[in-house]
Amino acid sequence: WNELTSSADWWPTFGLLLGSVRYLAGATEDRVNYSVGQSAVLANPVERYPEQYMLFTPRGDASRIDVRTGSILIPTVQNPGVYRLRGISQSPISRGFSVNTASESANLNKIARERLVEIVGEENCRIAKDMSEVQQSVGAVRYGRELFPFMILLVCGLLIGEQWMANRFYQWNPGSRSGNDGRLAKR
């Protein structure tokens, strides 16, 4: 969506704008918004649309629909989302409609803590009493914990371990005759 108007292709933006204006102006007679539990009915004049479609549900299921009466009937849609219809007349035709949840499911009124715990579970909810608790909780979830202190301790430990291992295998022996001017001698 962010790149829809700035992409190199202009036609998706134009198609979306044209379809939105036609729908808002009432130029199309089809109803394309339904609620969960309703039956979807779309007009399907045979001179304009095909007599057979593939129906794709929001869950990804596909089924074949044969149209005989001049209208498409999809009985009792249960899943909210966008339903797509694909058919072939002289060229491929795509149609669709939207199924929305009931307005009660978007109720934003305050509920009791016990009900919230029942819905989302004890481990998935926190109740904040003031704004500082909200900021602290959101900050911990959004940003996590700092790893730098632990990583720097790990790097220091590796450096000390490497130095210890190097001193274990190589030691300073100035009187050695190993041909390296007496700097390092293997033990």
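**Close-up views of a predicted protein model**

View 1. E51 sits in the loop between β2 (40-43) and β3. This protein model is predicted, and strand β3 (residues 52-56) has the highest mean pLDDT among the elements of the chain, at 91. Is E51 buried, exposed or partly exposed? With a relative accessibility of 44%, E51 counts as partly exposed. Which residues does E51 touch, once its neighbours within four places in sequence are set aside? The contacts are V46, I65, D66, V67 and R68. E51 and S89 are 38 residues apart along the sequence, yet their C-alpha atoms are 8.1 Å apart in space.

**View 2. R68, a contact of E51.** Let us move to one of the residues that E51 contacts, R68. R68 belongs to the loop between β4 (62-66) and β5 (71-74). Its relative accessible area is 66%, so R68 is exposed. How far apart are R68 and E51 in sequence and in space? They are separated by 17 residues in sequence and by 6.8 Å from C-alpha to C-alpha.

**View 3. S98 in strand β7.** Find S98 in strand β7, which covers residues 92-100. S98 counts as buried because its relative accessibility is 18%, and the cut-off for buried is under 20%. What lies in contact with S98, leaving aside neighbours within four places in sequence? The answer is V32, N33, Y34 and G81.

**View 4. T76 and its backbone angle.** T76 lies in the loop between β5 and β6 (81-88). Most residues other than glycine have a negative phi. T76 is not a glycine, but its phi is positive, at about 45 degrees. T76 is partly exposed, with 39% relative accessible area.

View 5. Side chains of opposite charge can pair when their charged atoms come close. E118 is exposed, at 60% relative accessible area, whereas R115 is partly exposed, at 43%.

**View 6. A salt bridge between E122 and R113.** In this view, E122 pairs with R113, and their closest N and O atoms are 3.5 Å apart. Both partners are partly exposed: E122 has a relative accessible area of 48%, and R113 has one of 38%. How many salt bridges does the count give? It comes to two.

View 7. Which residues make the nonpolar surface patch? L147, F150, M151, L154 and L158 form it, over about 560 Å². Look for F150 in helix α4, which runs over residues 148-169. F150 counts as exposed because its relative accessibility is 57%.

View 8. A disulfide is a covalent bond between the sulfur atoms of two cysteines. How many disulfides does a search of the whole structure find? The search finds zero. C125 counts as buried, at 10% relative accessibility, while C156 is partly exposed, with a relative accessible area of 38%.

**View 9. Strand β9, and the chain as a whole.** Strand β9 (residues 184-186) has the lowest mean pLDDT among the elements, at 51. Where pLDDT is low, the predicted coordinates should not be read in detail. The protein chain averages a pLDDT of 80, and 82% of the residues score at least 70. Stepping back, the chain has four helices and nine strands. Along the sequence they follow the pattern α-β-β-β-β-β-β-β-α-α-α-β-β. Buried residues make up 15% of the 187 residues. The accessible surface comes to about 15,500 Å², and 56% of that surface belongs to carbon and sulfur atoms. Among contacts between residues at least 6 apart in sequence, 43% join residues at least 24 apart.

How values were computed. Residues are numbered from 1 along each chain as its sequence is written. Side-chain values use heavy atoms; hydrogens and water are left out. pLDDT is the predictor's confidence in each residue, from 0 to 100. Helices (H or I, at least four residues) and strands (E, at least two) are DSSP runs, numbered from the N terminus. Patches are made of residues with over 30% relative accessible area and no salt bridge: like charges are joined within 9 Å, nonpolar side chains (Val, Leu, Ile, Met, Phe, Trp, Tyr) within 5 Å. Accessible areas come from the Shrake-Rupley method with a 1.4 Å probe; for residues, only the protein chains shown count as cover. A salt bridge is a side-chain nitrogen of Lys or Arg within 4 Å of a carboxyl oxygen of Asp or Glu. Buried means under 20% relative accessible area, exposed over 50%, partly exposed in between (1.4 Å probe, protein chains only). A disulfide is a pair of cysteine sulfur atoms within 2.5 Å. Contact means heavy atoms within 4.5 Å.
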